[in-house]
Amino acid sequence: MLGHSHALSGAVTGIATGILLHRPASQVAALAGFTAGMALLPDLDKCGSSPARCLGWLSEAIAWAAGRISGGHRHATHSVLGVAVSTGLAWACCQFRHDWAGKAGLALLMTLSAAAALEALHIARGHAADLIAIGVAAAEIWFGYGLRLIPLAVLIGCATHIAGDMLTDSGCMLGFPVSRQRFHLLPEPLAFTTGTRPELLIVDPILSGALLVLAALAVDPALVTAPWHSLAG
C-alpha cells in the first residue's frame, strides 16, 4: 500500500491497542503517533519510499543499505524475522537510552519515523517535517516520555504494514529467508494493486472512519456509545 495508507493503518492499530490496554488518553495518543510512523519502517528497504525520502540523502542511504541487507523490497523487512529484528533493535535503543549508542539509535528511529509519518499524512513537508521530527526525537531522548511504548509501537506498526501489503496482489513472504512463499489476506479477485482505486476509495476511507471513531472512544467512550443507547431506547 501507499505510505499514506500505512501511516493511517498504523495510527488505527495504535489507538486500538492503547484502548485495549486501558491506557490513559495521553498514552493512547502517544502510541498512535508512534505507531503511525513505525508502520512506515518496513519500506526502508526501497529507495524512493516515504521513509526513504523523508530525510534526503541520509534516509536514502539507509534505504539503499537496508535494501541490500534485506534482499530487496518486500523481502526480510516484510517478514516475521524482520518484525522481530526491528522490535529487538527498538527495545535495545530504549533500554540503553542513557548510552551514546542508545541515544543515536533512538534519535535515528524517532526522526525517521516521525518525519515519514508527517510526510505521508501530508501534515508537514520537506524541511519543516524534518525539523519537527528532530524536535520529537530530541524530546524523547531528553524526557523519555512513553519510552516503553516504542518497542510495542514498532511491533504493531511493522505487523500492520505487512498486513496491509498482504491485501495487495503482491503479498508478502512472511517466512523469508527460509521460504519465499507469498501470503495474501484476500483471494485473487479481491486483491488490489498498490495505489489503485480500491485502496484510495475503499481502504483509506475505512481507515479514516475507524481512526475518528477510535479517537472519540479514547477521549470519551460516551461519545460513541451514547447514540446507540438512545437508539435502543
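Guide: We will go feature by feature, with the general idea before each case.

Visitor: What should I know about the model before I start?
Guide: This is a predicted model, in which local features need pLDDT of at least 70, side-chain atom pairs count only at pLDDT 80 or more, and totals for chains, interfaces and linings use all residues. Residues are numbered from 1 along each chain as its sequence is written, and side-chain values use heavy atoms, with hydrogens and water left out.

Visitor: What is pLDDT, and what is its mean for the chain?
Guide: pLDDT is the predictor's confidence in each residue, from 0 to 100. Here the chain has a mean of 91. In it, 94% of the residues reach 70 or more.

Visitor: Which elements have the lowest and the highest mean pLDDT?
Guide: First, the term. Helices (H or I, at least four residues) and strands (E, at least two) are DSSP runs, numbered from the N terminus. Helix α10, residues 221-232, has the lowest mean, 56. Helix α8, residues 149-165, has the highest, 97.

Visitor: How do I check the span of a helix?
Guide: The expected span is 1.5 Å times one less than the number of residues. Take α8. Its 17 residues should span 24 Å, and its end C-alpha atoms are 24 Å apart, so the two agree. Now α6. It has 21 residues and reaches 30 Å from first C-alpha to last, close to the expected 30 Å.

Visitor: How many residues of α8 are buried?
Guide: Buried means under 20% relative accessible area, exposed means over 50%, and partly exposed is in between (1.4 Å probe, protein chains only). In α8, 13 of the 17 residues are buried, so by that cut-off the helix is mostly covered.

Visitor: What is a nonpolar core?
Guide: In soluble globular proteins, nonpolar side chains tend to be buried together. A nonpolar core is a set of buried Ala, Val, Leu, Ile, Met, Phe, Trp, Tyr and Cys residues joined through side-chain atoms within 4.5 Å. The largest one here has 37 residues. Phe 34, Met 38, Leu 106, Leu 109, Met 110 and Ile 150 touch the most other members. Helices α2 (25-38), α5 (80-95), α6, α7 (126-143) and α8 each supply at least two residues. The most come from α6, with 9. Apart from this core lies another, of 10 residues, including Met 1, Val 28, Phe 192 and Val 203.

Visitor: Which residues does Met 38 touch?
Guide: Contact means heavy atoms within 4.5 Å. Met 38 is in helix α2. It counts as buried because its relative accessibility is 0%. Leaving out residues up to four places away in sequence, Met 38 touches Leu 109, Met 110, Ser 113, Ile 150, Ala 153, Val 154, Gly 157 and Cys 158.

Visitor: Where is Leu 112, and is it buried or exposed?
Guide: Leu 112 is in helix α6, residues 100-120. It is buried, with a relative accessible area of 5%. Beyond four places in sequence, its contacts are Leu 44, Pro 51, Cys 54, Leu 55, Ser 59 and Ile 62.

Visitor: Where does Phe 192 lie?
Guide: Phe 192 lies in the loop between α8 and α9. At 6% relative accessibility, Phe 192 counts as buried. Asp 169 is 23 residues from Phe 192 along the chain, yet their C-alpha atoms are separated by 5.4 Å. Among the contacts of Phe 192 are Met 1, Leu 167, Asp 169 and Val 203.

Visitor: What should I look for in the backbone?
Guide: Most residues other than glycine have a negative phi, and most peptide bonds are trans. His 22 has a positive phi, near 60°. It lies in the loop between α1 (3-20) and α2. Arg 74 also has a positive phi, about 60°. Its place is the loop between α4 (57-70) and α5.

Visitor: Is each of these two buried or exposed?
Guide: His 22 is exposed, at 69% relative accessible area. Arg 74 is buried, at 7%.

Visitor: Which residues does a cis peptide bond join?
Guide: Phe 176 and Pro 177, with omega about 5°. Pro 177 is in the loop between α8 and α9 (197-219).
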